[in-house]
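Hi there,

Here is the structure I promised to send over. Have a look first, and then read on for what turned up.

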Amino acid sequence: MTISPDFSPAATALTAALGAYLLLGEPLLGRRMYASLTRRRATEPGALVRYFRVVLALWWALAALAAAALLLSPGTAAADLGIASPDKPAVVAVGILFCVVIAVTSGRALRDLDRQGKHVPGRAAIEAMLPGTPRERALAVAFGVSDGICAEFVYRGLLIAFGVGVLGLHLYAAAALSVLVYAVAGYYQGRQGLLVFAVFGALLTGLYLATGSLLLPVALHVILSVRDLTTLTPPTPSAPPTASAAPLTAK
């Protein structure tokens, strides 16, 4: 995979500001918002709906800024940000099918553990976001889809292109930097969230570099995020959710 992005001065300033927010502001804001949801979920019926709406707005605002950076740079092609057909479409198609099979199989296993009252790895880290009503469930699906699309476009597509085109980094160094920034986003799930996001981000970045397209990373991210948020039962009002244990991948 090779990219040769040429950012305009306006796009450079915009992306630098966005990168600073992703590294310094978003982790703190995400942790604060999730902590607030955790406290209010048990007593305020509309807390989760409001949370999803705010995060959805934030995600698409970030994606819009990334798109603006692309539009402001005539020397940067969409393919430089991963918006392109994969180098090996058949491999990507098989990969997506494999992801679906794994998500369905693992989802059933997690659901069985949950119904039996056994420990579900990662449940505590996202428990406050588990939907309990049809409205919440619809928003959870929208959240998972937006999480996959927007996160890949911003963290993988834009940040790697910025690292190569503006910072002058080698492609793999820019990719490593994007994984670091993405890992910090897991701070809202605690220290273990940093590790899980780093591993998950490295996997997605590897898929992007191997295929030359964001299609497979987006598909995997969406599938797992939706699985995480729609498989398990929500917390009961009498048992406020906590935020510990190994996180799942939903953001």
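Let me start with a question: is Phe143 buried or exposed? This is a predicted model, and in it Phe143 has a relative accessibility of 0%. Since the cut-off for buried is under 20%, Phe143 therefore counts as buried.

Its ring partner is Phe52: the two form a tilted aromatic pair, 5.2 Å centre to centre with 50 degrees between the planes. This pair links distant parts of the chain, as Phe52 lies in helix α2 and Phe143 in helix α5, 91 residues apart. Phe52 is also buried, again with a relative accessible area of 0%. Tyr51 and Phe52 make another tilted pair, at 6.1 Å and 55 degrees, and both of these residues are buried. Ring pairs join Tyr34, Tyr51, Phe52 and Phe143 into a cluster. The count of aromatic pairs comes to seven.

Now for the core. The largest nonpolar core has 65 residues, and those with the most contacts inside it include Tyr51, Phe52 and Tyr155. Helices that each supply at least two of its residues include α1, α2 and α5, and α5 gives the most, with 14 residues.

Tyr155 is worth a look on your screen. Leaving out residues up to four places away in sequence, Tyr155 touches Leu22, Trp59, Val181 and Tyr182, among others. The ring of Tyr182 has the charged end of Arg156 sitting over it, 4.5 Å from the ring centre. Likewise, the charged end of Arg31 sits over the ring of Tyr187, 4.5 Å from its centre.

Enjoy exploring!

Best wishes

Definitions and conventions. Residues numbered from 1 in each chain as written. Predicted model: local features only at pLDDT ≥ 70, side-chain atom pairs only at ≥ 80, totals over all residues. Heavy atoms only, no water. Core = buried A, V, L, I, M, F, W, Y, C linked by side-chain atoms within 4.5 Å. Buried < 20%, exposed > 50% of the residue type's maximum accessible area, 1.4 Å probe, protein only. Helix = DSSP H or I, 4+ residues; strand = E, 2+ residues; numbered from the N terminus. Contact = heavy atoms within 4.5 Å. Phe/Tyr/Trp six-rings, centres within 6.5 Å; stacked < 30°, edge-to-face > 60°. Lys NZ or Arg CZ within 6 Å of the ring centre and 35° of its normal.
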